[in-house]
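Here is a short briefing to read alongside the model. Keep the sequence and the 3D view open as you go.

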Amino acid sequence: MGQRRRRKRKTRKKRTLGSSTSLIPNWSELQYDVLVHVARRLNLIEDYLNFAAVCKPWRLAATKENFNSDLPRVPWLMLAEEEGSDVSSCRKFFNLCNDLIFKTTIPQASGKRCLESMGWLITVGIDGEISLLHPFSGVQIELPHQNTTEDYTRNKTQYIWNFIHKAVLSTSPSKTSDYLLMVIEGENKYLSFWRPGDLKWTRIRRENYEPHSRDQHCDVVYFDGKFYAVDMQGNVLLRNVTDQLRLKE
């Protein structure tokens, strides 16, 4: 009798274990609409990247279109490329929220100087090539070479990768193709801009502009639909891009 009871108890345990295992959900079989809803509610980019790494169905839902870039978030700091690193395409980002360092592979940024605007990198290579690069999606937009700027021979810098001092986007290329990139460029720190479809850079000219004049700027920002620049004398200047576009057309 005692042995029979023990056998019955073991059988009950096995049945219980089997039934509990069958209740474990298969998260890879979640409906696509549900995954998209979850993805759009993620605020931190590292959570979004981890979400995409779970399995193939989750990765298909983790597109750049489903990432809610309008949510407020603290920007990451991109650390300088490590000298002598065996993996030169690996770059590190520092998260100010949790003091963590995130490492990712960005082969297109290897050996290039990187600036940032609207979550995009503006890369300048040792041969003077310039491009827009999204560090996580890998989307790259080739820009005109720096030698297409006005009066390049007189204005080029000693080190070719230092030609762009600052770069500012009017809006993110991830959202629209109607955007503009403004840069402070060259030895004389002129303002020039590029928009999709342009084959060269366009110089912003102030009133009484003279060729070869020193028109140095130390900063430029985009606010409320307009570009504002600061010159070396501390003057705040409103740069009218619309007039320059009319001159081009």
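The notes below move from the whole chain to its sheets, its surface and its salt bridges.

This is a predicted model, in which local features need pLDDT of at least 70 and side-chain atom pairs count only at pLDDT 80 or more, while totals for chains, interfaces and linings use all residues. Residues are numbered from 1 along each chain as its sequence is written, and side-chain values use heavy atoms, with hydrogens and water left out.

**The chain as a whole**

- The chain has 6 helices and 14 strands; these are DSSP runs numbered from the N terminus, helices being H or I with at least four residues and strands E with at least two.
- Of its 249 residues, 34% are buried, where buried means under 20% relative accessible area, exposed over 50% and partly exposed in between, with a 1.4 Å probe and protein chains only.
- Take the contacts (heavy atoms within 4.5 Å) between residues at least 6 apart in sequence: 43% of them join residues at least 24 apart.
- The accessible surface is about 16100 Å², and 51% of it belongs to carbon and sulfur atoms; such areas come from the Shrake-Rupley method with a 1.4 Å probe, and for residues only the protein chains shown count as cover.

**Sheets and a hairpin**

- Two strands pair if DSSP finds at least two bridges between them.
- Strand β2 (residues 90–95) is joined to β3 by 6 bridges, with Cys90 opposite Thr105.
- Strands β4 (residues 113–117) and β5 (residues 120–124) run antiparallel, joined by 5 bridges, and Cys114 faces Thr123 of β5. Their hairpin has 2 residues between the strands, and Met118 takes a positive phi near 55 degrees.

**A nonpolar surface patch**

- Trp27, Leu30, Val34 and Val38 make a nonpolar patch of about 340 Å². Patch residues have over 30% relative accessible area and no salt bridge; like charges are joined within 9 Å, and nonpolar side chains (Val, Leu, Ile, Met, Phe, Trp, Tyr) within 5 Å.
- Val34 sits in helix α2 (residues 32–39) and is partly exposed at 38% relative accessibility.

**Salt bridges**

- The whole structure holds 4 salt bridges, each a side-chain nitrogen of Lys or Arg within 4 Å of a carboxyl oxygen of Asp or Glu.
- Glu185 and Arg203 form one of them, with their closest N and O atoms 3.1 Å apart. Glu185 lies in β9 (residues 181–185) and Arg203 in β11 (residues 202–203), so the pair ties together parts that are 18 residues apart in sequence. Glu185 is buried at 0% relative accessibility, and Arg203 is buried at 4%.
- Arg154 meets Asp151 at 3.9 Å, N to O; Arg154 is exposed at 58%, whereas Asp151 is partly exposed at 26%.
- Asp198 pairs with Arg195 at 3.6 Å between the closest N and O atoms; Asp198 is buried at 13%, and Arg195 is partly exposed at 24%.
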